[in-house]
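Have the sequence and the 3D view ready, and try each task before reading its solution.

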Amino acid sequence: MNDFLRRVRNGVFDHTLITLDTHFAEEYSKTEEGKVFPIHCEYGTNDRELGIDVSGLPDKRYLAKNQYDMWSERTLTDVSFNDPERTIAHDNLFHIVDDPYRPTERVTRDDFIEAISPGGNPTGIEVTLIGVASDYCNRYAMEGWLDRGASVTIIRDLTKGIEKETPQVLDEPRYRQYNGSRLRSVESTEY
């Protein structure tokens, strides 16, 4: 991923949206994800830190999420924290921020998508997806972008699944209608 990101820093992308799994021990056992996976990417731990170098990428923004789907809304709002920083981080879930720890800008996800869309319409957006997991987080990100009319390219060798890899996910009947038109997968060398 780092090699790829170094190669695309120079004008390939207009925007960089980094989604961060952001879980809180105070609520994780109450989530759907908590019923399937052990806690991971816990806020305030090294496990949540990016393992890739995103410096130099254009217009970096972050979306922290505590569910598989980046298009969800914050549902567990009755959680209380003793640490004000954790409270702020929890309040920022599903918002677009300029810094995942000390944000100075915060906008709703949908307002951000509208602002970066040509003419305010996401059908003109071309999204490139990398990361984990092909069959969970990436799947839901892809579905949301497709539902909004965007085109999606998934870079196969820069994604990793838990139970299914990208080709297996894209071969599912519900995605076949998009294959070749608004949905494709390629290797990083083809990109």
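**Exercise 1.** In this predicted model, which residues line the second largest cavity?

*Solution.* Start with the residues themselves: the lining consists of Ser 134, Asn 138, Arg 139, Met 142, Ile 154, Thr 166, Val 169 and Leu 170. Next, sort them by class, which gives 4 nonpolar, 3 polar and 1 charged. Then look at the helices: H5 (137–147) and H6 (166–170) each contribute at least two lining residues. Finally, the volume of this second largest cavity is about 40 Å³.

**Exercise 2.** Pick out Asn 138. Is Asn 138 buried or exposed?

*Solution.* First, find the residue: Asn 138 sits in helix H5. Its relative accessibility is 8%, and buried means under 20%. Asn 138 therefore counts as buried. Now look for its partners beyond four places in sequence: Asn 138 touches Leu 129, Ile 130, Gly 131, Val 132, Ala 133 and Thr 159.

**Exercise 3.** How many cavities of 30 Å³ or more does a search of the whole structure find, and what lines the largest cavity?

*Solution.* The search finds 2 such cavities. The largest has a volume of about 100 Å³. Its lining is made of 16 residues, with Ala 64, Ala 89, Asn 92, Val 97 and Pro 100 lying nearest the centre. By class, the lining has 11 nonpolar, 2 polar and 3 charged residues.

How values were computed. Residues are numbered from 1 along each chain as its sequence is written. This is a predicted model: local features need pLDDT of at least 70, side-chain atom pairs count only at pLDDT 80 or more; totals for chains, interfaces and linings use all residues. Side-chain values use heavy atoms; hydrogens and water are left out. On a 1 Å grid over the protein atoms alone, a cavity is a set of points where a 1.4 Å probe fits but cannot get out, and a pocket is an open set with protein on both sides within 12 Å along at least five of seven lines; lining residues have an atom within 4 Å of a point. Grid points are joined across faces, edges and corners, and a volume is the space filled by probe spheres set on the points. Ala, Val, Leu, Ile, Met, Phe, Trp, Tyr, Cys and Pro count as nonpolar, Asp, Glu, Lys and Arg as charged, and the others, Gly among them, as polar. Helices (H or I, at least four residues) and strands (E, at least two) are DSSP runs, numbered from the N terminus. Buried means under 20% relative accessible area, exposed over 50%, partly exposed in between (1.4 Å probe, protein chains only). Contact means heavy atoms within 4.5 Å.
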